[in-house]
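User: Please take me through some local features of this model by question and answer. Start with the terms you rely on.

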Amino acid sequence: MIVSCLGLPLLATAQSKSVPYTSALANDADWTVVNANDDAKTWEADDTASDFSGTGFSSGIKYSWNSSQAADDWYISPAITLEAGKEYKIKYWFKTGGFNEKCTLYCADANTTEALAAGRVIDDKNGKFQTATLSAGVFTPETSGDYHFAFYAHSDKDMYYMYVTGFSIAENVFAPGAPTDITVTPGADNALSATLSWTLPTVDNDGAPLPEGYTVNNVKIYRDDVLVATLDGGATTWTDTAEAGLTPGKHLYEVQVTINDAQSARAGVTSSWIGPIVAQNIPWDAAIANMTETDFNDFYTELIGDVSTLTGSYGWQRSSSSYNGNEIILSCASNKRADNWLVLPKLVFPEAGVYKLSLNGKYSNYDVNEVVLDFYLGSEKTIENLSAGLKGTIERMPTAYVDRELYFRVSEAGEYYPALYASGKTGSSDLCIKSMKIEKSFETCSQPTDLTVTDADGTVTISWTNPATNNMGTALSGNLSKIEILRGEELIETITDEARLAAGAEVSTTDTPAGNGVFTYTVRPYFDGHEASGTPATVTSPWIGDPTQTLPYTTNFGTQTERSLFTAVGMSGNEGTWTLSNDGAELETPTGDGNTRTLNDLLMTPPFDLDEAYYKVTVSLKGGKEAFPIKFGLVADGDENHILVNPQTLPMTGYVMPSKEIYLKADAAGKYRLGILAEGEIANCANIFITHLEVREQPVTPAVATDLTVTVDPEDIYSATVTWKNPATCNIPDVVPAITKVEILRDDELLATVTEGLVAGEMSSYTDTGVGAEHPGKHNYEVKAYTGENTASYNHPKVLSPWIGDAVKAPYEPENFQDFETVAVTGTRTWSINSYGYAYFWGTSTPTNAWLFSPLMQVEKGAEYEISITPYLMSEYYDPASFKAFIGNAATNDAMTTEVGTLTGSQILTEAEPFTFTVRGVDADEPAATAEGEGDTATAFSVPAGNICVGFYANELGECYVRNFKFIQTVFPVNPPSGITEIEAAADGDATYYNLQGIRVLNPQGGIYIRVKDGRSQKVIIRK
């Protein structure tokens, strides 16, 4: 809401707000914007979260600078009910750009800008605040009632942005700030103790200094959210020990202070490991993302084997970067050898059984790195002991982060050291581990193998071999518990027959899916109630049922299903024919052996249901030989002779061709296949490949009409005839479109639809009758040609008509100069007209030599008219230019018979004055004369009653703009009305005035009156 009545109360909100009150300010309908200087810049909502970073709010308001005016803008709150004598704290976040800004927060018991400006200043900003700053002020009202707060932006002109968010008001209850600089230092040599230190606060929770003479009552220490110590005021250190309940591990310590009996918020920090290193429990998470260098050094040990050359700055280490965060890496180098162990923290394995190691990692680049990563368990942190506990090899990782899992068995409960062992030749690629976990798991089976699917008349047979190994790579200890078969996401069978659940057994089942298409089957075995580990085994069927495909259809031959829908035919019984693979459809040709082969090989797509229409085929070809013809055509489904209907030929180039387009026509609706025929002799060339194929219906879209003109009937100025040439081409080469209709638009609205006499390539016309009577002026006409319901999406011809209808009558105050005409006398420099409300000319080296003509305007006998226009300079950086104004009876150079004056655009628009002159309508036989002034100083002109045109002639270097053309009638010719027929006009003396009822008026105010002076009666308008 923008309000400009500065002294009036704004609309009240539905009800006053209560305290505590908070608003992010953006899009808050209870707040009101007042643009006091009524310029183009004021407070506005800002939903860009980055503008309010650090505030806790994602939106707010901002003020944008104005280059020419100082800010004078208010953002006023709703009424907020406050109690007398109670102290309130007002807080908000404020930020600026890199310029000095001025913004004041006011409070008053009314919501007018005058009352607020005279009210209480809560906070006053003057300067740069390029980081969001929390500001606070206090206010104690003397009387209870409703109060308004307002942010007043009053920065100098040409500054930058201001941002405000998070306005709040609440009772001013004291709370100290939290302690800062908290550190925890573990005891030396893993002693079970930790020393805390901190800095006591000197400000309250809003950053204001603590009150004079404040008292620190006590300091409280929390460990893992449990109060463990309460210290006397002023304490800044404390040592935690086993006597206070400290146990080995990492702990969250928090410190809270009480000042003047008010508690602060807790401030805390998580310690590094405190006390002796003890075995950790499972599930165990390495928590690499939060790992410190101290953590790594305390809990991880690198053991280097005898053949390792990854020493010094290479080997196992913690790495941290802003891009990848924390990682454990094996730092490598080319032509070195890894024999490096990373021993993990000792873990407690509570029982014998199966466990799982999970890793997320990668290699840092594509460099060849032959490192093998094995996983071991040992009871001692030595290579000799660890080497006896191999649990498996971790699958090699790629160059992007990937999850890896390794299942292993622990035969006896106890405490063990896990270890990662890297061995083998290294390259420059580092092995990077992002996360690592060990948890309790279970034995299950691996995935089935040899999964296949076949089709026989719609009955699908799925076959596979049951898994014989478990998730640790050893033999299963029994049969499977069940096998689930899924078609897509649907469970279609559960196998529980013991014979079919035997480990390693060859098993099959059948399915008859409903409908047509390709179906994906999943075989999901279970062992001991647990699903198989790894990625489920799936297989995709060939096409089942009716092979008819829908359009648009596209293929790159990338799947067996796609390829199975094609049919290859040797048309002459020859052996060589099309074959299909992942590389595409291939036709074997002689390969430089000097032999010649006669090809007559047809490749057909699956069938399509086609209408009588055109179809576009897009194809990518390579190989073959220069100019060898490949024919494309439609083959009626069931035609045993495979005759191509309406074939088109595409010559090959002998190398990879860009996508080519062929257009085919189906003369009648039916089921067709696309046929591709290689026919003719060929030698010494590469095999022919089709790598991409696309078929889609191609609607016929005509080109746009041309030669559009609009002519006004010389005998009927109210009608105009639109003439155009119908398009003779369309989007399909060599096809002449049938033009079924043409839409005529006037001023972007549908005027008429023509359906008769539309012949492609010939002229058509339509007469717009009566338009000048209803809507005199110039009009934009557009024509759109259609074939069926299809028309071009852009570039339809448009033309601006001449003036249609009578000349314009006063008042005429156009928003822009679209009704005006420009005529260049010489050269290309002329007046320019746009839709933004102004016309202009300019020339820095060649002067403009052109006219700007107004439309014809009606002038009545005995009437007077005021004509005005404002010349101005767009920028003070350019040289101003002058031009002359003329009056004539037509929009031509020769008709401009009366010179009105010279206009110069020497001031910017806000300072420019309008050029104004008066025109009086007289009899045609009365001589033209000036009514006031002479020559260049004349401001009023007599012209023959009828139509006039104002012309502006420019013939100078420099630039000039014009706005605000006006043609206003100021004196109306009338006979005295019946109510004043007996009034005698005074022969001389001052004018006398009468209202339209014939009553004399001594002091006429604004309105229409009869003026009687010097023997002449006239109806006049008097403005206040």
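Analyst: Buried means under 20% relative accessible area, exposed over 50%, and partly exposed in between (1.4 Å probe, protein chains only). This is a predicted model, in which local features need pLDDT of at least 70 and side-chain atom pairs count only at pLDDT 80 or more, while totals for chains, interfaces and linings use all residues. Residues are numbered from 1 along each chain as its sequence is written, and side-chain values use heavy atoms, with hydrogens and water left out.

User: How many salt bridges does the count come to?

Analyst: Side chains of opposite charge can pair when their charged atoms come close. Here a salt bridge is a side-chain nitrogen of Lys or Arg within 4 Å of a carboxyl oxygen of Asp or Glu. By this rule the count is 38 salt bridges.

User: How many residues apart are D206 and K89, and where do they lie?

Analyst: D206 and K89 form a salt bridge, with 2.7 Å between the closest N and O atoms. Helices (H or I, at least four residues) and strands (E, at least two) are DSSP runs numbered from the N terminus. D206 sits in the loop between strand 15 (193-199) and strand 16 (216-223), K89 sits in strand 8 (residues 88-96), and this pair linking distant parts of the chain is 117 residues apart.

User: Is D206 buried or exposed?

Analyst: The relative accessibility of D206 is 13%, so D206 counts as buried. For D206, the class asked for is buried.

User: Which element holds D295, the partner of K250?

Analyst: The side chains of K250 and D295 meet in a salt bridge at 2.7 Å, N to O. K250 lies in the loop between strand 18 (237-241) and strand 19 (252-259), and the pair links distant parts of the chain, 45 residues apart. K250 is partly exposed because its relative accessible area is 41%, whereas D295, at 5%, counts as buried. The element that holds D295 is helix 2 (residues 293-299).

User: What separates the closest N and O atoms of R673 and D637?

Analyst: R673 is buried, with a relative accessible area of 17%, while D637 is partly exposed at 37%. The two residues form a salt bridge, and the separation of their closest N and O atoms is 3.2 Å.

User: Why does D667 count as partly exposed?

Analyst: D667 is placed in the loop between strand 51 (660-666) and strand 52 (670-683). D611, E612, D667 and E697 form a negative surface patch; patches are made of residues with over 30% relative accessible area and no salt bridge, like charges being joined within 9 Å and nonpolar side chains (Val, Leu, Ile, Met, Phe, Trp, Tyr) within 5 Å. D667 counts as partly exposed because its relative accessibility is 42%.

User: Which backbone nitrogen does the side chain of Q447 reach?

Analyst: Q447 lies in the loop between strand 34 (431-440) and strand 35 (449-456), and at 15% relative accessibility Q447 is buried. A polar contact is a pair of N or O atoms within 3.5 Å; within protein, one must be able to donate a hydrogen and the other to accept it, and residues adjacent in sequence count only if both atoms are side-chain atoms. A polar atom of the Q447 side chain is 3.5 Å from the backbone oxygen of G534. The backbone nitrogen reached by the Q447 side chain, at 3.3 Å, is that of A537.

User: The backbone oxygen of which residue lies 3.2 Å from a polar atom of the R404 side chain?

Analyst: R404 is in strand 32 (residues 402-410) and counts as buried at 15% relative accessibility. The backbone oxygen 3.2 Å from a polar atom of the R404 side chain belongs to E395.

User: What is the omega of the cis peptide bond from L551 to P552?

Analyst: P552 is found in the loop between strand 42 (537-540) and strand 43 (553-555). The bond from L551 to P552 is cis, with omega near -5 degrees.

User: What is the phi of D748?

Analyst: D748 lies in the loop between strand 56 (741-746) and strand 57 (749-754), and D748 is exposed, with a relative accessible area of 59%. D748 is a residue other than glycine with a positive phi, near 70 degrees.

Terms used:
Accessible areas come from the Shrake-Rupley method with a 1.4 Å probe; for residues, only the protein chains shown count as cover. Lys and Arg count as positive and Asp and Glu as negative; His and the chain ends are not counted. The place of a charge is taken as NZ of Lys, CZ of Arg, CG of Asp or CD of Glu.
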